[in-house]
Amino acid sequence: MADLTQYCTFHVAHLFLGIDVHAVQEVMRPLEMTPVPLATPSVMGLINLRGQIVTAVDLRRRLSLPERPPDQEPMNVVMRTDDGAVSLIVDEIGDVIEVTTDAWERVPDTLQGEARTLIKGVYKLQDQLLLILDTSRVALPEPSLAAV
Amino acid sequence: MLLRLNDAVRGMLQRIEEQGNEGNEDYSALIDTLAALSDGQSVAIAPPVAEALPTEAEIQAALEDAADLNACEDACEPPRLGEILVDQGLVYPADVAAAVHEQTQGANARVGEILVARGSTNSDAVKQALAAQQDARGGHVAEGSIRVDVALLDRLMNLVGELVLARNQIIQSSATRSDSALLGTTQRLNLITSELQEGVMKTRMQPIGNVWSKFPRVVRDLAVTCGKQVAIQMEGANTELDKTIIEAIKDPLTHIVRNSVDHGIESPRDRVLADKSPEGRLFLRAFHEGGQVNIEISDDGAGIDPARLRTKAVDKGLLTPEAAAKLSDRESLNLIFAPGFSTAAKITNVSGRGVGMDVVKTNIEKIGGTVDVASTVGAGTTLRIKIPLTLAIIPALVITSAGERFAIPQVSLLELVRMEHEEARQKIEMIYDKPVYRLRGKLLPLVHLNHTLNLEATPWPNEPGAKDEAISIVVLQTDGMPFGLVVDRIMDTEEIVVKPLGKQLKGITTFAGATIMGDGRVALILDVHGLAARADVLAVERERAASDARDEQKASGEMTQTLLVFSGGGDSRMAIPLSEVARLEEFAPDIVERTGHHEVVQYRGSIMPLLRLARVLELPEAELAPEALLQVIVIRHETQHVAVVVDRIVDVVEVAVTVHQRRRPGVVLGSTVIQGRVTDLLDVRQLVKTVNEDFLAVTELAGASHG
């Protein structure tokens with residue numbers, strides 16, 4: 001029996017993504033957000049999480065996916081990082097899934113670009129693939145705009 | 001003699017402190033010296049006892065200091081046995097010294113045992129002293145202070161910050177209700193929170209002495225290197241400051257102190273010549289005043305000569321001679337904070353590398369402080385630093401722009417200006433596309449927050465499409481440069497809790513952090529310096545922007561022309577293309593010289609003909625006071641520079657030129673309408689030609705005899 005790992009999963013556009021459940025602080029309905037002018041496009045704004053100021057990163061933009069339709073209400077997945085909490089804006093929350101390490105595989109080489117650096121690996125589930133995000137990288141701004 | 005002894009002991013103390021441990025070698029060295037001193041005293045016991053006594057007392061005090069210092073390093077270090085014995089007058093310091101010396105030489109016994117063995121004291125006394133030592137050990141624990149992890153304090157501070165915000169929210173919502181019980185509770189909550197906040201802030205406070213304690217060593221080392229004698233005095237070392245601020249001012253303070261010793265205080269010989277005591281005095285003072293902490297660093301050295309600063313600034317090309325002449329002494333002194341400025345005649349490894357004081361100023365301004373210098377030639381220099389008590393909670397002005405709220409730290413705020421639309425249309429003028437406002441006669445560059453942050457392309461009041469509404473200008477200052485920030489609305493001032501931004505936003509220099517407002521929403525805190533840099537307000541940035549604009553102008557094929565409008569004499573308005581203008585200058589009338597019947601000035605190492613426009617055009621000349629500066633446009637035509645004296649520079653405008661009619665052929669090319677007034681366009685080529693016809697030969701001749 002291989003080791004079990006738990007992942008908190010969510011949907012972003014057509015992708016089924018997951019992050020280590022231990023990294024997740026909480027999942028929240030959308031909060032009032034303050035946009036940050038001049039910030040990289042993926043930064044949607046700042047939210048007040050019980051007195052803590054948390055940066056919200058739109059995963060669609062971060063992963064270079066098409067914009068979310070306006071009528072769709074996004075969700076916040078607040079995760080802990082080394083320097084404070086970061087909220088990932090996703091389309092829909094999935095379950096917490098337990099997977100075995102033998103279902104894990106590296107990202108195929110055909111996947112290139114920014115997305116490749118953000119996705120650590122793939123779990124082959126029965127009916128779909130679960131992409132595991134590199135939490136520390138996702139929280140960072142896009143390299144192309146970081147220098148501005 | 002006494003001072004030298006004291007210095008020697010102090011030096012050793014400092015070394016012990018530096019090494020941060022017990023420093024056995026040093027300690028024994030100290031003891032050796034002490035022993036030598038005691039011997040010296042017993043030999044010279046006949047001379048006045050009064051002189052010997054203070055020495056001993058000082059040594060004793062120094063010994064205790066050493067113990068104290070060690071005690072600081074290692075919270076529970078008790079006094080040494082030998083010291084207790086000496087304190088109680090049971091043994092002579094020399095005996096203890098000898099015993100300790102023996103111990104460090106390898107005798108594997110306790111100080112007390114050695115003392116008893118040497119017959120310096122009896123075992124009862126040692127036992128008594130040991131008991132006292134035990135007491136002291138216990139005493140330290142019972143003193144009522146404990147060590148707390150700084151991270152824990154930071155967390156507490158954060159929590160209190162959140163509590164303050166929660167309180168603000170409750171106060172806001174309870175204000176709309178008429179429940180007296182709730183109001184009462186809110187009131188109490190308000191009070192308790194304020195007190196708690198104050199208390200927690202206090203836990204982070206540290207005496208400034210923590211930073212200063214290093215200075216005696218720094219000063220002494222430096223004084224020895226420079227061959228000077230400097231005594232350092234401190235007052236108000238227990239003035240408390242927030243931990244983060246203490247850390248932030250450590251380096252600037254050290255720099256200032258080093259500067260004072262290296263540049264401020266003269267060599268002993270010069271001091272004696274100047275009728276001062278050979279030993280220089282450095283005085284540090286800290287005190288609270290009006291919610292701020294003032295730190296003064298003064299020396300009784302040579303002082304700073306404002307005239308020398310002005311000359312230096314001109315030499316370095318930081319200022320034109322005219323601008324330098326206009327500076328007051330006080331303004332001149334502040335030149336030491338200009339980047340790349342150093343008056344040190346020689347560069348030492350200590351200071352004078354020209355990277356000093358501007359960095360000091362920047363660092364102090366970064367934490368919301370100010371630094372000011374006052375100096376009297378021959379009597380000394382005082383640097384005064386004002387810094388806020390804490391950084392965590394600051395007063396700020398809340399404004400809105402494009403529907404978002406922003407907070408501006410109050411420290412950089414100068415004043416607020418509000419104008420109705422009609423007034424704004426007239427009072428806001430444009431230089432190129434950059435708006436300026438005349439604030440009490442000085443041009444204040446304006447920056448629109450909406451533009452700078454790419455929020456909205458709000459037009460300026462005098463541009464088409466501007467809405468008929470009042471305009472609010474927040475006058476801010478950074479790096480000594482005032483500028484006006486145009487915002488949509490000015491709300492209120494509030495105490496805000498500064499919270500850092502996440503890593504994703506660290507690269508944006510326009511924001512200093514974020515805060516949570518009373519309604520629970522996040523608002524960004526503007527970084528005035530970053531904002532100014534982004535809006536090209538800062539001098540260097542602005543010059544670059546202007547030259548960029550000129551290049552663009554050339555590239556765009558001159559569909560429109562940029563003209564310099566001036567008054568040439570009488571009421572006439574004239575213009576020449578700005579591209580022909582090399583510089584605008586102000587000349588003092590006494591630098592105008594004559595060659596033949598031409599007026600000339602020496603300009604950048606060559607002779608430049610001076611042309612009085614009014615005379616060329618036969619217009620009435622303005623009556624000038626004899627000492628009034630001449631307004632001069634330096635025109636460059638091919639390689640020739642010509643100075644054209646005009647009455648007044650009016651403006652720089654960008655217009656599509658349509659020459660309406662051609663009048664007198666010659667210098668005036670024609671007329672056009674600029675800003676609703678008829679303006680003569682001058683033909684620069686003709687203008688230069690009128691000079692050249694009989695001047696060129698003169699220039700060459702004069703040049704030959706000159707060089």
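These notes cover chain A, the side of chain A that touches chain B, and one residue of chain B.

1. This is a predicted model, in which local features need pLDDT of at least 70, side-chain atom pairs count only at pLDDT 80 or more, and totals for chains, interfaces and linings use all residues. Residues are numbered from 1 along each chain as its sequence is written, while chains are lettered from A and ligands numbered from 1 in the order in which they are written.

2. Chain A has four helices and twelve strands (DSSP runs numbered from the N terminus; helices are H or I, at least four residues, and strands are E, at least two). Of its 148 residues, 34% are buried (20 or more other C-beta atoms within 10 Å of the residue's own; exposed is 12 or fewer, partly exposed in between; C-beta atoms are placed from the backbone).

3. Contacts need C-beta atoms, placed from the backbone, within 7 Å. Of the chain A contacts between residues at least 6 apart in sequence, 56% join residues at least 24 apart.

4. Between the chains, 24 residues of chain A are in contact with 21 residues of chain B. On the chain A side, strands E5 (43-49), E6 (52-58) and E8 (84-90) each give two or more residues, and E5(A) gives the most, with four.

5. B:Tyr437 lies in strand E12 (residues 434-439) of chain B. B:Tyr437 counts as buried because it has 21 C-beta neighbours inside 10 Å. Leaving out residues up to four places away in sequence, B:Tyr437 touches B:Lys427, B:Ile428, B:Leu444, B:Leu446, B:Ile473 and B:Gly484. B:Gly484 is 47 residues from B:Tyr437 along the chain, with 8.2 Å between their C-alpha atoms.

Note on methods
Contact = placed C-beta atoms within 7 Å.
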